[in-house]
Amino acid sequence: MIVNPDDLSCKELVELVTDFFEDRLAPSVRARFEMHLSYCASCRVYLAQMRETARLAGRLSEETLPPGSKEDLVRAFRGWKRQRGGEP
Amino acid sequence: MIAYKFLSAGATGPFTGFRWPVPALGRPGAWVEAADGRPDHGIHACRLEELAFWQDNELWRAELADPVAEGHRQVVSARGRLLERVSAWNEDLARRFGEACTWRARDRSVAALLVPGFSEESALLAGSRSLSELHATAKELSSRTGLPAALAAYLAEAIDFLLTGDSPCSTYISARAAVVASGGKESEFAAERQGQARWLAERLGLDFPGAHELGGHARP
């Protein structure tokens, strides 16, 4: 389906989610963002998931990590960097 | 200014999660003010002509304090309150609305296909008497090529969403089909949305300003 040129596509909405949460969208963009949500159930689900993720992640601090998790994460990141050919 | 506001279940703002104070004991809900006083951060509502753009679970009649600014298919004020719920807007009407929009898209497709000579495809769509029959026909035609396939794909998708209970998406697709049926005139999208809003306003018992009628189709 070809969307109205005035409207956002799902892809554009995804790119703007952070700005939406941080209230950094220009009023006209925000209106288009919200209008897209009014007819796109998938994007509403996506937005709700992002909101919930931000809420849960916002509670986490270094102190709340279980023992060993920090080392596991550092190892995972180093492995990921190596796979991409970056510095270890 | 009197305007209309769609909210999620429980008088909740669909984008902010804000729980609106609702009318009680015959009195309007409490006034709600924009957090920082900026009108563009303020209370959003829409006119009757814009109803189709903002469908959600609940529809409320709202009052916006002056000055009211124009937004993108909405109006915005620094203060607003809920006056009363439009109880005629419910799941059943939302479904009937989606169906009416689909039949309207079907009728426009039938007419649009006749002009370039797709009389067989036009007749097949015109002969569909139930939504399930139209769905099957549209699915079959969507595998063809050119304009018949394009229009049929819109119809099939509009019905797909209707069957999942997603009328807002279905009515959006029906309005987009109007653009295709018109040969690509983007203005037909807004015109169709306004026609949809007129249909809604009539069923809701709301006084709609002059606009074109949404289809003469007998179905609901």
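In this predicted model, Ala149(B) belongs to helix α4 of chain B, which spans residues 146-163. The residue counts as partly exposed because 15 C-beta neighbours lie inside 10 Å, whereas a buried residue would need 20 or more. Once neighbours within four places in sequence are left aside, the contacts of Ala149(B) are Leu141(B), Ser142(B), Ser143(B) and Arg144(B). A further distance concerns Lys139(B): ten residues separate it from Ala149(B) in sequence, and the two C-alpha atoms are 8.9 Å apart in space.

**Chain B as a whole**

Chain B contains six helices and seven strands. Along the sequence these elements follow the pattern β-β-β-β-β-β-β-α-α-α-α-α-α. Taken along the principal axes, the box filled by the C-alpha atoms of chain B is roughly 60 × 30 × 30 Å. Of the 220 residues in chain B, 45% are buried. Among contacts in chain B with a separation of 6 or more, 61% are accounted for by residues 24 or more positions apart.

**The sheet of chain B**

Strands of a sheet pair through backbone hydrogen bonds, in either a parallel or an antiparallel sense. In chain B, four strands form an open sheet in the order β1-β4-β7-β2, and their pairing is antiparallel. Strands β1 and β2 (32-33) of chain B are the edge strands, each pairing on one side only. Although β1(B) lies at an edge, this strand, residues 2-7, is mostly covered, with five of its six residues buried.

Two of the pairings can be set side by side.

| Strand pair | Sense | Bridges |
|---|---|---|
| β1(B) (residues 2-7) and β4(B) (residues 58-64) | antiparallel | six bridges |
| β4(B) and β7(B) (residues 79-85) | antiparallel | five bridges |

Individual bridges give residue-level detail for both pairings. Leu7(B) has Glu58(B) of β4(B) as its bridge partner. For Glu63(B), the bridge partner in β7(B) is Arg81(B).

**Helix packing in chain A**

Two packed helices are described by the angle between their axes and the distance between those axes. In chain A, the axes of helix α1 (residues 10-21) and helix α3 (residues 41-58) come within 11 Å and cross at roughly 30°. That angle makes α1(A) roughly parallel to α3(A), because angles under 35 degrees count as roughly parallel. The crossing of α1(A) and α3(A) is right-handed. On the side of α1(A), the contact is made by Cys10(A), Leu13(A), Val14(A), Val17(A) and Phe21(A). From α3(A) come Ser42(A), Cys43(A), Tyr46(A), Leu47(A), Met50(A) and Ala54(A). By class, the residues of this contact of α1(A) with α3(A) are ten nonpolar, one polar and no charged.

**The contact between chains A and B**

Chain A supplies 15 residues to the contact, and chain B supplies 21 residues. On the side of chain A that touches chain B, the largest share is that of helix α2 (residues 27-39) of chain A, with nine residues. That side of chain A divides into ten nonpolar, three polar and two charged residues.

Notes:
Residues are numbered from 1 along each chain as its sequence is written. Chains are lettered from A and ligands numbered from 1 in the order in which they are written. This is a predicted model: local features need pLDDT of at least 70, side-chain atom pairs count only at pLDDT 80 or more; totals for chains, interfaces and linings use all residues. Axes are lines fitted to C-alpha atoms, for helices over the stretch in contact, and angles run from 0 to 180 degrees between N-to-C directions. Helices (H or I, at least four residues) and strands (E, at least two) are DSSP runs, numbered from the N terminus. Angles under 35 degrees count as roughly parallel, over 145 as roughly antiparallel, 65 to 115 as roughly perpendicular and the rest as oblique. A crossing is left-handed if the near helix is turned anticlockwise from the far one by less than a right angle, and right-handed if clockwise. Two residues are in contact if their C-beta atoms, placed from the backbone, lie within 7 Å. Ala, Val, Leu, Ile, Met, Phe, Trp, Tyr, Cys and Pro count as nonpolar, Asp, Glu, Lys and Arg as charged, and the others, Gly among them, as polar. A residue is buried if 20 or more other C-beta atoms lie within 10 Å of its own, exposed if 12 or fewer, and partly exposed in between; C-beta atoms are placed from the backbone. Two strands pair if DSSP finds at least two bridges between them.
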